[in-house]
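Q: Could we go through the side-chain contacts in this one, starting with the rings?
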Amino acid sequence: QVQLVESGGGLVQVGGSLRLSCVASGSIVSINTMGWYRQGPGKQRELIAVATSGGSTNYPDSVKGRFTVSRDNAKNTVSLQMNSLKPEDTAVYYCNAVLKANDDNLFRNYWGQGIQVTVSS
């Protein structure tokens, strides 16, 4: 059984910072990418940041320069440092990992339960 557990969300004022963390645990053989998605009110889930096992990262223009993803391969963790937060960053943030579990032959998407981030003006 693989689990992704997020922490660190909450309420912050415009221009503030938050740091989200996620740890993947269970019978994990290998992790390809780890990253973060978000889903705002009335919106579709969107990719926010992704980090490969080799250290490459990618961001959409909406968060580039404000958000930074970091990954610890040894601990199966991924973090998201969010700076200069805006009201439009308000969303439920989901940790994602593409990984191979011990009882599986394929790499699959795994998701955390989601964590609320609210930016107030």
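Q: How many aromatic pairs are there?
A: The count is 1 aromatic pair, where rings of Phe, Tyr and Trp (its six-membered ring) pair if their centres lie within 6.5 Å, with planes under 30 degrees apart stacked, over 60 edge-to-face and the rest tilted. Tyr 37 and Trp 111 form this edge-to-face pair, 4.9 Å centre to centre with 70° between the planes.

Q: Where do Tyr 37 and Trp 111 sit in the chain?
A: Tyr 37 is in strand S4 (residues 28-39) and Trp 111 is in strand S10 (residues 107-111), 74 residues apart. Strands (E, at least two residues) are DSSP runs numbered from the N terminus.

Q: What is this model based on, and how are residues numbered?
A: This is a predicted model, where local features need pLDDT of at least 70 and side-chain atom pairs count only at pLDDT 80 or more, while totals for chains, interfaces and linings use all residues. Residues are numbered from 1 along each chain as its sequence is written, and side-chain values use heavy atoms, leaving out hydrogens and water.

Q: Which ring faces does Arg 45 lie over?
A: Arg 45 lies over the face of Tyr 94, at 3.7 Å from the ring centre, and over the face of Trp 111, at 4.7 Å. The rule requires NZ of Lys or CZ of Arg within 6 Å of the ring centre and within 35 degrees of the ring normal.

Q: Changing topic, which cysteines does a disulfide join?
A: A disulfide (cysteine sulfur atoms within 2.5 Å) joins Cys 22 to Cys 95, with S to S 2.0 Å.

Key. Helices (H or I, at least four residues) and strands (E, at least two) are DSSP runs, numbered from the N terminus.
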